[in-house]
Amino acid sequence: MPTELSDAFKSMSAPDLYRKQLDLTSIKELPDSHAWSTFGNRPCVDSSMAEPVPVVDLSDPNALTLVGDACKSWGVFQVINHGVPVGLLEAVEDVGRNLFALPAELKEKATRPPDGFSGFGQPRIAPFFDKQMWYEGFTILGSPLHLVSKLWPEDEYCTKFCEITKEYDKQMKQLANKLLWLMLGSLGITKDDVEWAGPEGQLEGAHAALQLNSYPACPEPDKAMGLAEHTDSSFLTILYQGTTSGLQVAAAADGAGWITVPPLPGALVINIGDLLHILSNAAFPSVLHRAMVNSSKQRISVAYFYGPPATIPVAPIPKLVDSDHPPVYRSVTWSEFLAAKAKLFNMALSSVRMLAPETESSE
């Protein structure tokens, strides 16, 4: 059994993830390989008509209730007054922009290997779609030094990149821990109810990964997909989307359309992942989301995926289970679930389901 998230990917190699990527910034006409004939059956909802995704002020005395309501009703929300310095958000966006601006031949030196997790590469959902996405990503698990030193050898910018991403990881971990306990607290769960949380609830063995995303300006955005619809496997994802719109979510209600999450200055987007859906005994839906592109400017976003230790079994918390609320899912580790996700994609939750919940989450 894999003991680390990076180990979990070594047996999940998919050739499509490692094919040479086109230099999207130099393309003037959309190639057939990236031309999508359909984006699915869900319609896009007019933002002027749609109920907006909740925005929660974490300094509000009622933040616990507000977070809980957003998790149950939406599975996604934005947070303000979260404690992460705006300057740090802008700095990590800036280093991401500089990273993706490097020449294609230089980026090849830091391409994600078939048995690895970190580096440049296609999204891991790519093998489940016939067409390619208008997207470039750079994944960081642990220190990025061994990768960025190939991009900026003996350059002070290498040190700057590592320092900024290290501080960002630190700030994200603190915020993710705070958010997780607000979410669980809204269900009446305390740190004593989660055995592997540790005496102070710090989840010291928690795993996390940082994902830098680039969506270049596209010559035909109405026919291209930035990142296709999916749910995240983690407990939760914290996304900084800068000032450029592109993120869309499917409301928790079955059959609802795509709703754009507008960028707010200094705000962070929080979405529920599959493992928190399991842990909450289906009280919180894992939100289906995607990223669209535009014709005028590059969009940079930064995602922080936060989850449990790779080998800790995740199951509905016993306090949330009774005769009226039997367990919806069986126990599964993050590593095991990633393996299921690699084979079954958005049907992975069904593979660990014991009982159909009254309200299905988006899978």
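Buried here means under 20% relative accessible area, with exposed over 50% and partly exposed in between (1.4 Å probe, protein chains only). With that in hand, welcome to a predicted model, where local features need pLDDT of at least 70, side-chain atom pairs count only at pLDDT 80 or more, and totals for chains, interfaces and linings use all residues. Residues are numbered from 1 along each chain as its sequence is written, and side-chain values use heavy atoms, leaving out hydrogens and water.

**Overall build**
- The protein has nine helices and twelve strands, taken as DSSP runs (H or I, at least four residues; E, at least two) numbered from the N terminus.
- Its radius of gyration is 20 Å, close to the 21 Å that the globule rule gives for 363 residues, so the protein is as compact as a globular protein of that length. That radius is taken over C-alpha atoms, and the rule is 2.2 Å times the number of residues to the power 0.38.
- Buried residues make up 54% of the 363 residues.

**Helix H2**
- In H2 (residues 63-73), the buried residues are Ala63, Val67, Gly68, Ala70 and Cys71.
- Seen down the axis of H2, these residues fall within an arc of 165°, so they line one face of the helix; the arc is that of the directions from the helix axis to the C-beta atoms.
- Their packing partners are strand E1 (55-57), strand E2 (76-80), helix H6 (156-185) and strand E10 (268-272), with contact meaning heavy atoms within 4.5 Å.
- Gly75, which follows H2, has a positive phi, near 80°.
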